[in-house]
Amino acid sequence: MKNLLAFVLKHHFIFVFALLQLICIWLMQRNRGYQGSQVLNSSNAVASNIYLAAANTKEYFALKQENERLAEENTKLRNRLKSNFNIIPLTRFERHDTLYKQHYTYMSAKVVNSSVNKRRNYLTLNIGKEQGAGRDMAVMSVQGIVGYITDASSNFSSAMSLLHKDSKINCQLKNDGSYGILIWDGSDYQHCLLTDIPTHARIKKGDTVETSELSGIFPEGLFAGTVESWEQKQNESFFTVKVKLGADLKKVNHVYIIQNKYKGERDSLEKNSQKQIDD
Amino acid sequence: MTTEIFRNILRFILLLLLQVLIVQNINLGPYIIMLPYVLIILMLPFETQRVALMVISFFVGISLDIFHDSSGLHASACTLMGFSRHYVLKFISPRDGYDIGVKPTVDDMGLAWYLRYAGTLILIHHFAFFYLEIFRFNEFFGTFLRVILSSIGTFLLVYLLQFLFYTGKKR
């Protein structure tokens, strides 16, 4: 025993080395197994904090690149947004039939800009000449008529809303059949006035006001609104009917553009015949 | 003596941070992995007790293991290095031994001596480290190439770094 102790003391250098290596091997062994929890790893407080500080510093230096990368990604994502794409509605509902000639064609469009609070209100629609929209085409929403196109560029068109001081649309009372002109007095975006209704007309509250074919722009029978009240102004032999509009022009979004295929022909005919008679 | 210990502790912290935060991020391909932290062990004074030196080496390795998530790997290589430093120093010692107050640096001992001293110990350390890391012999030559190239890289860094810790004592 004494000899052994003397031997160990004499070669203690080697023994310490062997002991340390055994500890190392034990540590390495622990590291290998899946179950064995790692005794030493970088998740302890000191190491992780140092790594965190280094990462934060590095992050700070990379901020510029990171910003650029994010901006680039944002641009990419923005380009992908659905709202950036206009759905081009090239579906014209046409029908070829030898017995019936198609008088009106419909196109769907989206309102991209509109106003109700001015005296001259316009709507901007997302289709234009290239998609087939043009001057003097009617604009209606599902709830009722909205206005008609006054100008068209290649990809957009501008429509005069019902709420315009110069808007004059021929309308009629559905039950009675007497027609007048729908104008806007600028008081309220939900109401228009139907003027020139003869005093013998039988009007009831809630009567439907619809478009008449006289305008040449609107097809006959499109819903415009309902009768709310009527009055006969002094010194006038006509009723002025207050019409509650069907379309809420503040909310109008999807609309239809209606093209009268024979508008040009009709206009030139009317102009020529009137000219001949006048002359 | 106290300043000497303090200086060694400071060197330990600085070299550890250098290794972990900077050198670890230098990517020179799979064959050159520089481990200049061994300078901590290389720069321990000649007078250090050999057992103390080995234990210090063990703890240097353990602290590297903590950062590298390689429990025991650095410790084993460093312990071996600390163990062999005693014999290497004996083997390459000048005829009349080492003077008192002389430090194991290029300035004090000359480049030829330093190349033998540091070169041998770095090779021993890297041999142990890379073969323990891979723990098999079927990539023997690939690992051998890594040992040689990494040793050269480490030596160059160690050579440059030990000037940083030069105490300025001119003979």
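Let's start at one residue: T211(A) sits in strand β9 (residues 208-211) of chain A. Strands here are DSSP runs of E with at least two residues, and helices are runs of H or I with at least four, numbered from the N terminus. Keep in mind that this is a predicted model, in which local features need pLDDT of at least 70 and side-chain atom pairs count only at 80 or more, while totals for chains, interfaces and linings use all residues. Residues are numbered from 1 along each chain as its sequence is written, chains are lettered from A in the order in which they are written, and side-chain values use heavy atoms, with hydrogens and water left out.

Is T211(A) buried or exposed? T211(A) counts as buried because its relative accessibility is 0%; buried means under 20% relative accessible area, exposed over 50%, and partly exposed in between, using a 1.4 Å probe and protein chains only. Its side chain reaches the backbone oxygen of P219(A) at 2.7 Å. Leaving aside neighbours within four places in sequence, T211(A) is in contact with several residues, among them I145(A), N170(A) and F218(A), where contact means heavy atoms within 4.5 Å.

Next, look at strand β4 (residues 144-152) of chain A. Eight of its nine residues are buried, so β4(A) is largely enclosed by the rest of the structure. Strands pair if DSSP finds at least two bridges between them. Strand β3 (residues 138-141) of chain A pairs with β4(A) in the antiparallel sense over four bridges, and the two form a hairpin with two residues between them. β4(A) also runs antiparallel to strand β5 (residues 157-164) of chain A, joined by five bridges, and here the hairpin passes through four residues.

Finally, turn to where the chains meet. In chain A, 23 residues are in contact with 28 residues of chain B. The area buried between the two chains is about 2300 Å², with 73% given by carbon and sulfur atoms; buried area is the accessible area (1.4 Å probe) that two parts lose on being put together, summed over both. On the side of chain A that touches chain B, the elements giving two or more residues are α2 (12-32) and α3 (45-61) of chain A. Of these, α2(A) gives the most, with 13 residues.

Methods:
A polar contact is a pair of N or O atoms within 3.5 Å; within protein, one must be able to donate a hydrogen and the other to accept it, and residues adjacent in sequence count only if both atoms are side-chain atoms.
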